[in-house]
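Please read the report below alongside the sequence and the coordinates. It takes up the salt bridges, then the strands and residues around them, and then the confidence of the model.

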Amino acid sequence: TRIDNGTTPITTAGWVSSIDIGANDDHILVTYSNYGVTSVWETTNGGTTWYSKEGNLPDMPIRWGLYNPDNRNQVLVATELGVWTTDDFGFGTNSVPTWGPSNVMLANTRCDMLKYRAADKMVVVATHGRGLFTSDIFATAVVADFVIDQTTSCTGSLTVNFTDGSLNANSWAWDVNNDGTTDYTTRNPT
């Protein structure tokens, strides 16, 4: 495979597995899915200059690469051994990123695709044989959300279970009867 639009082409014996467009059409992240090749490349000038972003990734197929749209220094890659991430990608430079596995609840399984949903900044990971997994790794704002298990009204006492579904919450202040006073500070009160 040869990607060439200037003086520094990428020439490698591999298959392009994904292309992610960054802030504009000149900003491109390319991954390769072969063993024995440099698997992650970036350009910010439409291909005139390419930077290897392999860093400390093991020699394994990289099937998908994805920029965080709000922070191009945060990148995810879907690999033969799960999802790997970096927070120091070095956007637009020849710096060498440090990658680490991000496989909480996922295991070291083959991952084939990453998709981003802008509405809530969720990422979905498609695996080979283990289904789909979601992550809020790109979400920075706290989004409050909850569900309850009772929807009937009552005049006496009623036990209601609140289940937190918030993104990036690290503390809770429930005002169940809407009187301005915090009734519960646990994540899922009853």
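## Salt bridges

In this predicted model, a search of the whole structure finds 5 salt bridges. One of them brings together the side chains of aspartate 112 and arginine 63, with a distance of 3.4 Å from N to O. This pair links distant parts of the chain, since aspartate 112 lies in strand S11 and arginine 63 in strand S7, 49 residues apart. Arginine 63 counts as buried because its relative accessible area is 14%, whereas aspartate 112, with a relative accessible area of 22%, is partly exposed.

Aspartate 112 also meets the side chain of arginine 110 in a salt bridge, here at 2.8 Å from N to O. Arginine 110 is partly exposed, its relative accessible area being 29%. Another salt bridge joins the side chains of arginine 117 and aspartate 120, at 2.8 Å from N to O. Both of these residues are partly exposed, arginine 117 with a relative accessible area of 47% and aspartate 120 with one of 26%. Through salt bridges that share partners, Arg63, Glu80, Arg110 and Asp112 are joined into one network.

Strand S8 spans residues 71-79 and is mostly covered, with 7 of its 9 residues buried. Strand S7, residues 62-68, runs antiparallel to S8 and is joined to it by 6 bridges. In this pairing, tyrosine 67 has valine 75 of S8 as its bridge partner. The two strands form a hairpin, with 2 residues between S7 and S8.

Strand S9, residues 82-86, is also antiparallel to S8, and 5 bridges join the two. Here the bridge partner of alanine 78 is valine 83 in S9. S8 and S9 likewise form a hairpin, again with 2 residues between them. Strands of a sheet pair through backbone hydrogen bonds, either parallel or antiparallel.

## Alanine 78, a buried residue of S8

Alanine 78 is found in strand S8. Is alanine 78 buried or exposed? Its relative accessible area is 0%, so alanine 78 counts as buried, the cut-off being under 20%.

Which residues does alanine 78 touch, leaving aside those up to four places away in sequence? Its contacts are Pro61, Ile62, Arg63, Trp64, Cys111, Asp112, Met113 and Leu114. Alanine 78 therefore touches both Arg63 and Asp112, the two residues whose side chains meet in the salt bridge at 3.4 Å, and it is buried at 0% relative accessible area. From C-alpha to C-alpha, alanine 78 and glycine 65 are 6.5 Å apart in space, while in sequence they are 13 residues apart.

Strand S12, residues 122-127, runs antiparallel to S11, and 6 bridges join the two strands. Arginine 117 has methionine 122 in S12 as its bridge partner, while the side chain of arginine 117 meets that of aspartate 120 in a salt bridge.

Threonine 109 is found in the loop between strand S10 (100-101) and strand S11 (111-117). Although it belongs to a loop, threonine 109 counts as buried because its relative accessibility is 9%.

Not counting residues up to four places away in sequence, threonine 109 touches Thr79, Glu80, Leu81, Gly82, Thr127, His128 and Arg130. Among these contacts is Glu80, a member of the salt-bridge network that also holds Arg63, Arg110 and Asp112.

## Confidence of the model

The protein chain averages a pLDDT of 85, and 88% of the residues score at least 70. Among the elements of the chain, S7 has the highest mean pLDDT, at 96, whereas strand S1 (residues 2-3) has the lowest, at 56. Where pLDDT is low, the predicted coordinates should not be read in detail.

Technical notes: Residues are numbered from 1 along each chain as its sequence is written. This is a predicted model: local features need pLDDT of at least 70, side-chain atom pairs count only at pLDDT 80 or more; totals for chains, interfaces and linings use all residues. Side-chain values use heavy atoms; hydrogens and water are left out. Buried means under 20% relative accessible area, exposed over 50%, partly exposed in between (1.4 Å probe, protein chains only). Helices (H or I, at least four residues) and strands (E, at least two) are DSSP runs, numbered from the N terminus. Two strands pair if DSSP finds at least two bridges between them. Contact means heavy atoms within 4.5 Å. A salt bridge is a side-chain nitrogen of Lys or Arg within 4 Å of a carboxyl oxygen of Asp or Glu. pLDDT is the predictor's confidence in each residue, from 0 to 100.
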